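Let us walk through this structure together.

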Amino acid sequence: MRTIRIGSGAGYSGDRIEPAVELADKGDIQYLVFECLGERTVALAQQARLKDPDGGFDPLLEARMRAVLPTCAAKGIKIVTNMGAANPWAAARKTAEIARSLGLPKLKVAAVIGDDVFDVCKDRDLPLIEINGTIKTLGNRIVSANAYLGAEPIAQALRVGADIVITGRASDPALFLAPMIDAFGWRMDDWAMLGRGTVAGHLLECAGQITGGYFADPGYKDVEGLARLGFPIGEVSEDGSLVVTKVAGSGGAVTARTCKEQLLYEVHDPTKYLQPDVVADFSQVMVDEIAPDRVRIAGGRGTARPETLKVSVGYVDSYIGEGQISYAGPGAVARGKLALEIVRERLQLTGVRTSELRFDLIGVDSLHGERLSQGHDPYEVRVRVTGRTESLTEAVRIGNEVETLYTNGPAGGGGAFKSARDVVAVASVLLPRELAAPSVRFVEA
Amino acid sequence: MKLREIAHSRTGDKGNTSNISVIAYDARHYPALLAQVTSARVKAHFADVVRGEVMRYELPNIAALNFVMDQTLGGGVTRSLALDAHGKSLSSALLDLEIDIASDEDRRQPQSS
């Protein structure tokens with residue numbers, strides 16, 4: 001039975017680069033996938049594109065491509081990535097330019113375009129899923145609307161000879177499913193295979209999170225070598241079965257436990273994992289350690305794809321102001337609480353207009369609230385005040401009221417910090433799939 | 001004993017919803033998870049954090065439960081005022097639940113991976 005090896009070279013846009021180089025050098029892989037696009041990243045990238053028509057793609061694109069292209073070209077490893085963000089076409093042209101500068105002019109670079117559905121969406125009364133209202137009610141606050149595209153256009157680009165395929169918004173597992181469709185010729189209505197392939201893609205898409213990253217808990221779940229964590233390799237067979245492994249000698253571990261944690265990561269109903277290409281069912285998946293750092297995954301299923309595509313809508317939500325300051329030694333918590341009370345009163349006295357405020361003592365109760373945070377007084381605490389406002393000017397005032405604790409607040413406050421920023425938030429709508437028209441465009445050599 | 005002694009856990013986020021897996025180290029303890037780590041108990045444990053409903057999904061093949069908690073992430077990861085906007089630290093808090101395991105023989109120290 002035919003098998004391909006797919007390396008997962010990034011789990012988010014800022015991820016480490018050397019593990020991807022290690023995969024290309026020593027992973028015996030045929031495909032290298034970089035998943036670099038968070039929920040909000042496209043919206044922020046769209047703002048960058050408005051300032052620079054040739055910008056709006058991943059800021060680490062050049063560093064990643066320079067690091068892996070020579071080896072990938074020499075070995076014929078194909079690259080699939082969503083580093084195109086809000087401008088896959090500019091990212092593809094940039095990548096071709098990098099390839100030429102490295103003396104690799106023959107590499108064929110393709111962009112998948114058509115995920116930008118802003119024009120189709122902006123005047124439709126599509127209901128927002130996470131917040132009240134419809135896309136229309138956001139009016140001119142909308143920054144971007146991008147549909148999660150499936151594997152088909154990526155697989156098509158690979159089929160006609162692309163060495164590098166760069167997308168914008170695409171479903172993360174689809175970046176991995178496309179190489180399987182390319183290699184094995186799975187039909188786009190073969191729900192069983194697409195379901196299995198999606199299980200594989202889901203497990204691999206967060207890179208180090210299945211090889212021991214985001215997992216260690218000393219004394220309970222110890223992991224060796226996290227500073228040189230190896231990224232995963234998926235060995236996928238044409239029947240859709242999967243073995244997860246990594247480069248021998250790299251840090252981390254692939255175990256049944258790391259695989260189970262990643263299987264359920266960001267999953268809601270495990271019987272209905274909605275994707276553009278299929279509805280995958282994770283509920284019957286079996287996980288078996290067959291050798292050190294080799295885990296076999298079987299039992300994924302699939303049913304017919306949804307009629308709608310999920311669309312991420314970026315919109316200007318609000319502004320957030322923040323201030324922090326530290327207290328230490330005996331009475332640190334009491335002085336921290338006093339500091340919070342002073343800032344609370346100051347924000348009222350000086351009339352800072354906020355729609356939401358939050359007062360935390362980092363080290364005491366900032367993560368899970370008062371009820372879960374009982375225990376002994378810590379040696380040091382950090383005061384944190386954040387508030388939501390309708391303007392940057394108002395947001396700035398929040399941090400100012402923390403900073404003035406230096407000379408006006410409790411004894412011994414140190415290390416004050418303040419910030420104010422605008423918030424581009426993301427909500428989702430469902431778009432009838434026929435309204436998105438993905439296509440593939442090659443950079444001419 | 002604490003849930004941490006018999007299970008491990010990971011948190012994920014989508015929008016304003018957090019999901020937390022609870023995975024038995026040893027499949028023998030899955031019935032105890034089923035009986036004692038209920039949606040109602042998880043919702044009560046996170047009373048200060050979860051504003052919406054808690055749904056529980058069962059995965060007997062891997063001896064795991066998946067809790068899906070609505071309205072948990074401060075209005076959504078991309079707009080939350082919280083220090084941990086993703087809620088990634090919630091899994092550790094859930095492992096602090098008290099669990100009753102019948103006999104000492106059933107207790108098994110988790111092994112390192």
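This is a predicted model: local features need pLDDT of at least 70, side-chain atom pairs count only at pLDDT 80 or more; totals for chains, interfaces and linings use all residues.

Now take the chain as a whole. Along the principal axes, the C-alpha atoms of chain A fill a box of roughly 70 × 55 × 45 Å. How does the radius of gyration of chain A fit that of a compact globule? A compact globule of 445 residues would have a radius of gyration near 22 Å, and chain A has 24 Å, so the two agree. Of the 445 residues in chain A, 54% count as buried. The secondary structure of chain A is made up of 12 helices and 18 strands.

Contacts tell us how the sequence folds back on itself. Take contacts in chain A between residues at least 6 apart in sequence. Of these, 75% join residues at least 24 apart.

Next, zoom in on strand S2 of chain A, residues 31–34. A:Tyr31 and A:Val33 point one way from this strand. A:Leu32 and A:Phe34 point the other way. Are these residues buried or exposed? All four are buried.

Which strands pair with S2(A)? One is strand S1 of chain A, residues 3–10, which pairs with S2(A) in the parallel sense over 4 bridges. Here A:Ser8 stands opposite A:Val33 in S2(A). To get from S1(A) to S2(A), the chain passes through helix H1 of chain A, residues 18–26. This β-α-β crossover is right-handed.

Another partner is strand S3 of chain A, residues 78–81. S2(A) and S3(A) run parallel and are joined by 4 bridges. Here A:Leu32 stands opposite A:Ile79 in S3(A).

Last comes the second chain. In chain A, 49 residues are in contact with 33 residues of chain B. Several elements of chain A give two or more residues to the side that touches chain B, among them strand S14 (308–328) and strand S17 (414–432). Which element gives the most to this side? It is H9(A), with 5 residues. By class, the side of chain A that touches chain B has 19 nonpolar, 12 polar and 18 charged residues.

Methods:
Residues are numbered from 1 along each chain as its sequence is written. Chains are lettered from A and ligands numbered from 1 in the order in which they are written. A residue is buried if 20 or more other C-beta atoms lie within 10 Å of its own, exposed if 12 or fewer, and partly exposed in between; C-beta atoms are placed from the backbone. Two strands pair if DSSP finds at least two bridges between them. A crossover is right-handed if, with the strands pointing away from the viewer, the path from the first strand over the helix to the second runs clockwise. The radius of gyration is taken over C-alpha atoms; the globule rule is 2.2 Å times the number of residues to the power 0.38. Two residues are in contact if their C-beta atoms, placed from the backbone, lie within 7 Å. Ala, Val, Leu, Ile, Met, Phe, Trp, Tyr, Cys and Pro count as nonpolar, Asp, Glu, Lys and Arg as charged, and the others, Gly among them, as polar.
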